[in-house]
Amino acid sequence: MDINFALEHFPRLLKATKLTIELTLLSLFFGIFVGVFFAILRTSKNKILFFIAYYYSYILRGTPLLVQIFIIYFGLAQIEWIRESFLWIFLKEPYSCAILAFTLNTGAYTSEIFRSAFETINKGIVEAANGLGLSKLNTFFKIKLPIAIRQSLPAYGNEMILMLKGTSLASTVTLLDLTGVAKHIISTTFRPVEVFIIAGSIYLIMTFVVHNFIKFLERRYDYN
Amino acid sequence: MKNIYKFFLSSIAALAIFLTSAQADSIRIGTEGAYPPWNAKDESGKLIGFEVELANFLCIYMQADCTIVEQDWDGMIPGLIMRKYDAIMAGMSITDERMKTINFSQGYADEVASLAVMKGSPLEGMDTPKAINLSIGGGDVKKALKTLTAALAGKTIGVQTATIHQNFLESGDVGSVKVRTYKTQDEVNLDLAAGRIDAALAAAVAFTDYAEKSGKPVVLVGPTFSGGAFGNGVGVGIRKDDTDLLKKFNKAINTARKNGKISELAIKWFGFDASM
């Protein structure tokens, strides 16, 4: 490994990390809303709503993220009425296509995480809330949701890390994220080893931060 | 239990024989299989194209046993250095930039690059000469580059990554255009047709081939480019220490040129004689 070569290209990779972080945070942010929404649908007694939520999660978790991003970016662009509709303003840009694909993907996993968290809530607690005269809405926001969030922390931390690494696929739709710039540098220097080691290390540092942040939250909100 | 050991050992032995026999005096040639008509794949996944056929003939002339190995374009040169194959025949132009890392045989075919747009684009009808050679330079070339710089200002242009076309656009010769890089030429073509990019730059034959096969109204605009960042023809890429192999390829290319094989294959695949 050539240290000087590594140092020379490090600033460019670090700058590209900004886009990786941006894609991760935005996707996770939108993904939480999508996830909670579909998790609630999963508890619905309406069969149609249940089926929509069930198959959304089933299909998005059952296909590779790369395929999903390709369908959204290259696939939808083949359909003429989409190119002529207002959707094209959004779908024309690789950036918004990537955010859309990542959001839908992490939303599916998040909905599963929240669903199982809701299911593990002790019935006695809900009955106690009812007994105290809390309304349905109050029970949801003050009792069920906080418990579910705490329950899902470890699994959600995992999902955050998966999403962070998943954003590397943004490079397949021309975005210059950390992986995109790494490939770009390799294409002119022909030295994959050094460049990928640096890029890998930057990913590792980011997952380290996420991992410890979740651990901190887990300890902070430990209810034992 | 004994039988399992026997089976295991004989499998290893068979594998060892297989591996050594595969390496015995054979040349592995790396190609992309995604740059028609230079190299591509048919529906069944078989490698086809100008270079695939030429490689077979060169191997006959070298009396060598060849296998053609597929490799993604962006890992083509690293793959050669890491000995995944011994030679590259993938529409790779001979450039000074690449010569820093690998060697090239003499050129076997000429590749001219061109910009392409969708019919009806404002870039159509640019007033430039038909062809410019950046190595020769001069007033005409300067004027053409000036016209291009003005026409392309603020435009997004798609290219395949790690190509002479990317290098040219990033060299600043045509000002600061927005360059979008793709893994394959197929993807460049798709986004050009979808209207995501204003223009694309690649081998002219890559666009005419796509227009013909897809029926999309892709048209060439501006001059054809050669020389300078576009290199000096397409040659066989070989590791710097493999001087014997380099000599063999040069000799085989001479034979193929003299007996008309390169011209014949070029006319078959490109529709014109691109041999050099």
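Hi everyone, let's start with one pair of strands: in chain B, strand E7 (residues 113–118) and strand E11 (199–203) run antiparallel, joined by four bridges. Strands here, like helices, are DSSP runs numbered from the N terminus, with at least two residues (E) for a strand and at least four (H or I) for a helix. Two strands count as paired if DSSP finds at least two bridges between them. Within this pair, B:Leu115 has B:Leu201 of E11(B) as its bridge partner.

Before going on, a word about what we are looking at. This is a predicted model, so local features need pLDDT of at least 70 and side-chain atom pairs count only at pLDDT 80 or more, while totals for chains, interfaces and linings use all residues. Residues are numbered from 1 along each chain as its sequence is written, and chains are lettered from A and ligands numbered from 1 in the order in which they are written.

Back to our two strands. Which sheet of chain B do E7 and E11 sit in? They belong to an open sheet of six strands, in the order E8-E12-E7-E11-E9-E10, with mixed pairing. At its edges are strand E8 (131–133) and E10 of chain B, each of which pairs on one side only. From one strand to the next, the twist averages 30°; for angles, axes are lines fitted to C-alpha atoms, for helices over the stretch in contact, and the values run from 0 to 180 degrees between N-to-C directions.

Now for the helices on this sheet. H7(B) lies across E7, strand E9 (156–160), E10, E11 and strand E12 (218–226) of chain B, at about 155° to E9(B). Helix H8 (residues 204–214) of chain B also packs on the sheet, where it touches E7, E11 and E12, and its direction makes about 165° with that of E12(B).

Let's zoom in on one residue. B:Asp198 is found in the loop between H7 and E11 of chain B. Is B:Asp198 buried or exposed? It counts as buried, because it has 22 C-beta neighbours inside 10 Å. The cut-offs are these: 20 or more other C-beta atoms within 10 Å means buried, 12 or fewer means exposed, and in between is partly exposed, with C-beta atoms placed from the backbone. Beyond its neighbours within four places in sequence, B:Asp198 is in contact with B:Leu123, B:Lys155, B:Thr156 and B:Ile157; a contact means C-beta atoms, placed from the backbone, within 7 Å. B:Asp198 and B:Gly158 are 40 residues apart in sequence, and their C-alpha atoms are 8.0 Å apart in space.

B:Ile157 has a list of its own: leaving out residues up to four places away in sequence, it touches residues including B:Leu152, B:Val179, B:Asp198 and B:Ala200. B:Ile157 is also among the five residues that touch the most other members of the largest nonpolar core, which has 125 residues; the others are A:Ala98, B:Ala87, B:Ala200 and B:Ala202. Such a core is a set of buried Ala, Val, Leu, Ile, Met, Phe, Trp, Tyr and Cys residues joined through C-beta atoms within 7 Å.

Which helix gives this core its largest share? That is H6(A), with 12 residues. Helix H6 (residues 94–119) of chain A has 26 residues and reaches 37 Å from first to last C-alpha, close to the 38 Å expected at 1.5 Å a residue; the expected span is 1.5 Å times one less than the number of residues. Since 20 of its 26 residues are buried, H6(A) is largely enclosed by the rest of the structure.

To finish, chain B as a whole. It has 10 helices and 13 strands, and 45% of its 276 residues count as buried.

Definitions and conventions: Two residues are in contact if their C-beta atoms, placed from the backbone, lie within 7 Å.
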